[in-house]
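Hi everyone, thanks for making time for this. I'd like to walk you through a structure I've been looking at, so let me put it up on the screen.

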Amino acid sequence: MHQTLSTYYYFMKPSLAPSKVMDVFIKAAEYMEMPVRRSDDEPLQKLFVAVRSELNLDLKNIKTEQAKFWKQHPSLVKMELLIQAHLTRESFALTPALLKDYRHMLELAPRLLEELVKIAVLPRNPHGFGWLRPAIGVIELSQNIVQAVPLSARKTSGGNSEGIAHFLQLPHFTEATVKKIARKKIRAFQELCDMSVEGRAALLTQVAGLSEEQVRDVELVLEMIPCIEVDIKCETEGEEGIQEGDVVTMYAWVSLRRRNGLTAALPHCPNFPFHKEENFWLLLADAASNDVWLSQKVSFMDEATAITAASKAIQDTQEALGASAKEIGNAVKEAVDRVKKGSRLVMGKFQAPAEGTHNLTSFCLCDAWIGCDIKTSFKLKVLKRSRAGTRGHVPEEGSAAAVEDGIEDEEEEDEEEYDDYESEYSDDEEDEKNKGKGQGKVVNGSAHQGAESDIDSGSDE
């Protein structure tokens, strides 16, 4: 609804914390118009007791906080309690009337969350940048809703810096299961994934108490978890370097592979009762200033569409550069081969900022799986303006290359300029400990990064 878009736009803030994203999300007009019946009062009171620990209430002033919660608009109260019932997997206790509302709420959620991401990255400031922090918060909320995992599961606990949310998306895993395997020093999700099949089976049967059939279920889901790689570069077409005011083109190849060999696949989300495809958001951002320079949704579901889009984009680029027919054909063939092997091309343009070295980060975030997100950090060098116009095809004398190929040592500067992408539900202390993990740092406006993920892709051009 138009009213939803205007509401989302009004309440979206650059510093919106992940814990506050829910408050904006439930204000959708589609939710506000859902009926609140007198017969809902008692079951909602019982539901409140069941999910109270997830409502971010100040325990020191619990009576005041509870009174404040119930004074909200009845529709807001109802929607938040229904969503929390889903996240905590308490929906079995709902009355038939509330269950109908609950299903309608979930059916609308993916579309509303996608619009909320678009609002977050909408160009706002004088430079035309969107906001990174709220965009990440919305996508993380989407992950939790699709997987039916409480937001509190993202918080650091028991020596686990990433929380237990990753584990809870696996079949037959509960908080108790995670505690059992932690006794064997398996605290991070990646540690479980990196074990041999035999070692993992022994751990889950002998320590976690799962049956052999349950272990097979876990293996099937782990085989769906993809490894994502992002190969990204930024350049001024037809020029040796990037200068102030140039129209810069970003080329990003997002590649996906799974242990089961599939590229296109639906996510494992048995607690989400509607059809849901995996989507990824590629965000080019300056994390330090909270600015999103470019954003694009990526899907791996439709290979034919991705081939058509990549072929046309490469052909148009090569023709603009004056390439020969043979060169264009070879470039298009290479692009088609990459798409068939599980890659998607993402392109975007932005105006080069002021002279200097800019620390940028590309985030590839999945809206359906928890723990599939990766980031790649690189430096974009912009030179002082020495040529006319915003873009040219013939380099002028004296222009220097702004983007050189090469990868800096990962330890250089020890990531002090970046906050490594971690869920913002983690404690600040743990964020400090984990700075520098899982990111590639590159000079030249080009970077390559791979990480474990759970994803399907296709290019949404």
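Let's begin at Thr317, which you'll find in helix α14, residues 303-320. Keep in mind that what you see is a predicted model. Is Thr317 buried or exposed? Its relative accessible area is 9%, and under 20% counts as buried, so Thr317 is buried. And what does Thr317 touch, once we leave aside neighbours within four places in sequence? Its contacts are Glu237, Tyr251 and Met347.

Over in strand β5, which covers residues 291-300, sits Gln296. Gln296 and Met347 are 51 residues apart along the chain, yet their C-alpha atoms are separated by 8.5 Å. With a relative accessible area of 23%, Gln296 is partly exposed.

Met347 also turns up in the contacts of Met250. Again leaving aside neighbours within four places in sequence, Met250 is in contact with Ile232, Lys233, Cys234, Leu282, Leu284, Leu294, Val346, Met347, Gly348 and Phe350.

In soluble globular proteins, nonpolar side chains tend to be buried together. Here, the largest nonpolar core has 115 residues, and those touching the most other members are Phe25, Tyr31, Phe173, Met250 and Leu284. Which helix gives the largest share of this core? That is α7, residues 96-120, with 12 residues. Where does the core lie relative to the domains? Domain 1 (1-146) and domain 2 (227-386) both contribute residues, so the core lies between them. There is also a second, separate core of 14 residues, and among its members are Ile307, Ala310, Ile314 and Ile328.

Now a quick look at helix α10, residues 175-182. Its buried residues are Thr177, Val178, Ile181 and Ala182. If you look down the axis of α10, these buried residues fall within an arc of 135°, so they line one face of the helix. What do they pack against? The partners are α9 (165-168) and α12 (197-207).

Finally, a word on confidence. The protein averages a pLDDT of 85, and 83% of the residues score at least 70. Two stretches deserve a note, though. Over residues 390-422, pLDDT stays under 50, and the model has 98 contacts beyond four places in sequence for that stretch. Residues 426-444 also stay under 50, with 58 such contacts.

That's my tour, and I'm happy to go back to any part of it on the screen.

Terms used:
Residues numbered from 1 in each chain as written. Predicted model: local features only at pLDDT ≥ 70, side-chain atom pairs only at ≥ 80, totals over all residues. Heavy atoms only, no water. pLDDT = per-residue confidence, 0-100. Contact = heavy atoms within 4.5 Å. Helix = DSSP H or I, 4+ residues; strand = E, 2+ residues; numbered from the N terminus. Buried < 20%, exposed > 50% of the residue type's maximum accessible area, 1.4 Å probe, protein only. Core = buried A, V, L, I, M, F, W, Y, C linked by side-chain atoms within 4.5 Å. Domains from an automatic or database assignment. Arc of directions from axis to C-beta.
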